[in-house]
Amino acid sequence: MTNQTVAGLKGVSAGQTAICTVGSEGNSLHYRGYSIEDMVGQACFEEVAYLLIYGELPNQSKLAAYQQKLKSLRDLPEALKIVLKLIPRTAHPMDVLKVGCAFLGTLESETHPTQQQCDIADRLMALFPSIVMYWYQWHHLGREIDTHTEADGVAAHFLELLLQRKPEAMVSEAVDQSLILYAEHEFNASTFAARVTTATLSDFYSAITSAIGTLRGPLHGGANEAAMELIEAYQTPAEAKAGLLDRLARKEKIMGFGHAVYKIRDPRSDIIQGWAKKLAALRGDKVIYPVAEMIDKMMRDEKHMFPNLDFYSAAAYHFCDIPTELFTPIFVFARIAGWSAHVIEQRQNNKIIRPGAEYIGPEPRPFVAIANR
Ligand SMILES: CC(C)(COP(=O)(O)OP(=O)(O)OC[C@H]1O[C@@H](n2cnc3c(N)ncnc32)[C@H](O)[C@@H]1OP(=O)(O)O)[C@@H](O)C(=O)NCCC(=O)NCCS
């Protein structure tokens with residue numbers, strides 16, 4: 001046991017997990033032993049979510065039953081619809097998810113954790129797109145939508161609620177595959193928050209609400225929205241080059257670059273970049289993708305830094321006609337799988353998480369009564 005303080009707990013092992021390895025063997029990423037490179041292109045998001053939550057890959061009939069179960073859980077309780085209508089239009093959609101999750105916890109409380117936890121995980125996975133889109137459509141477009149769709153997967157369901165029509169096949173596939181990439185990432189900040197909450201023997205909804213609040217920040221999930229704002233700030237690669245040099249001279253942090261664990265590359269980035277490029281071609285884009293590539297080149301040349309998942313996923317989502325403020329909620333639609341797996345794992349061998357701190361305040365001193373101060 002060491003008493004040395006490590007800023008941000010960087011590189012410190014804070015527990016054991018059988019769910020995911022990040023950054024080992026040349027900056028790879030594995031979920032329960034399967035590499036993401038093997039899963040994308042071969043699996044759909046629900047297969048991966050099932051693997052994370054239930055521990056093993058489903059066969060065809062288990063997957064069909066799982067997708068059917070998720071489909072049956074997409075309807076919002078009436079009381080939640082009322083709450084969603086009351087949340088202001090100006091709220092951030094991440095706050096809508098946070099409130100939605102917490103409120104659902106009062107309607108469908110967890111009373112028997114070991115029996116209910118997987119069902120709650122599935123309910124939240126099915127309901128998160130419905131929560132955000134019901135609120136979004138009501139406040140932004142003035143329409144009350146039916147949140148039930150017959151779409152097979154979470155990605156197509158979300159897109160159908162957003163676009164109010166069936167999405168193009170490539171768009172649906174791109175979002176589905178991005179959900180696999182976002183599904184899990186070991187002891188990242190939001191997952192750790194979920195585990196800290198779980199470790200106090202709190203309920204499932206509280207753990208996920210903590211996680212959503214933690215994911216919201218721009219150094220974590222919020223980076224994809226900030227990356228889009230950056231890309232959209234430039235009209236040409238030349239403008240982007242000059243702008244980046246300027247930002248770096250001002251020591252600005254460039255969102256969508258760098259990583260706390262990966263040191264050479266983020267293995268998820270190449271995959272999502274491929275999708276961004278394909279979607280750019282689909283849309284006939286001549287601005288967003290070339291600008292993004294120039295920002296990428298400048299960061300590599302000037303800072304020896306590489307894009308993380310959030311950078312090219314911003315461009316990809318943009319080409320899918322998804323409004324920027326919905327980018328981080330998509331992260332939630334995926335990461336609920338990883339968070340749930342961690343809540344369940346934490347409960348299996350629980351110990352309250354309570355680290356120490358290195359005290360740097362005043363030496364002990366006499367208390368002075370208020371009348372004498
Ligand atoms: C992800 C992140 C929080 C990791 O942080 P970290 O491992 O603690 O890295 P540090 O912040 O210690 O960075 C080390 C150095 O690189 C710089 N740096 C790190 N990320 C940078 C970025 N995106 N742009 C510019 N400089 C960056 C830091 O300013 C620091 O410089 P210094 O030593 O002169 O102070 C950080 O890279 C970041 O803020 N990235 C942007 C936000 C983002 O994309 N988040 C999503 C992560 S998946």
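Reply: Start with a definition: helices (H or I, at least four residues) and strands (E, at least two) are DSSP runs, numbered from the N terminus. Ala14 is placed in the segment before strand 1.

Me: What should I know about the model and its numbering?
Reply: The model is predicted, so local features need pLDDT of at least 70 and side-chain atom pairs count only at pLDDT 80 or more, while totals for chains, interfaces and linings use all residues. Residues are numbered from 1 along each chain as its sequence is written, and side-chain values use heavy atoms, with hydrogens and water left out.

Me: Back to Ala14. Is it buried, partly exposed or exposed?
Reply: Ala14 is partly exposed, with a relative accessible area of 40%. Buried means under 20% relative accessible area, exposed over 50%, and partly exposed in between (1.4 Å probe, protein chains only).

Me: Which residues does Ala14 touch?
Reply: Ala14 touches Phe187 and Phe192, not counting residues up to four places away in sequence. Contact means heavy atoms within 4.5 Å.

Me: And how far is Ala14 from Cys320?
Reply: Their C-alpha atoms are separated by 38 Å. Along the chain, Ala14 and Cys320 are 306 residues apart.

Me: How many bridges join strand 2 to strand 3?
Reply: There are 2 bridges, and strand 2 covers residues 29-31. Tyr31 has Tyr34 in strand 3 as its bridge partner.

Me: Switching to helices. At what angle do helix 15 and helix 16 pack?
Reply: About 175°, with their axes 11 Å apart. Helix 15 spans residues 288-303 and helix 16 spans residues 309-319. Axes are lines fitted to C-alpha atoms, for helices over the stretch in contact, and angles run from 0 to 180 degrees between N-to-C directions.

Me: Parallel or antiparallel, then?
Reply: Helix 15 and helix 16 are roughly antiparallel to each other. Angles under 35 degrees count as roughly parallel, over 145 as roughly antiparallel, 65 to 115 as roughly perpendicular and the rest as oblique.

Me: Which residues meet there?
Reply: From helix 15, they include Ile288, Tyr289 and Ala292. Among those in helix 16 are Phe311, Tyr312 and His318.

Me: What does the Glu168 side chain join up with?
Reply: The side chain of Arg283, through a polar contact of 2.9 Å. A polar contact is a pair of N or O atoms within 3.5 Å; within protein, one must be able to donate a hydrogen and the other to accept it, and residues adjacent in sequence count only if both atoms are side-chain atoms.

Me: What about Thr149: buried or exposed?
Reply: Thr149 is buried, with a relative accessible area of 5%. Thr149 lies in the loop between helix 7 (113-140) and helix 8. Its side chain makes a polar contact of 2.8 Å with that of His157.

Me: Last one. Where is Arg247?
Reply: In helix 13 (residues 237-249). The Arg247 side chain makes a polar contact of 2.7 Å with the Tyr234 side chain. The side chains of Arg247 and Glu252 also make a polar contact, at 2.8 Å.

How values were computed
Two strands pair if DSSP finds at least two bridges between them.
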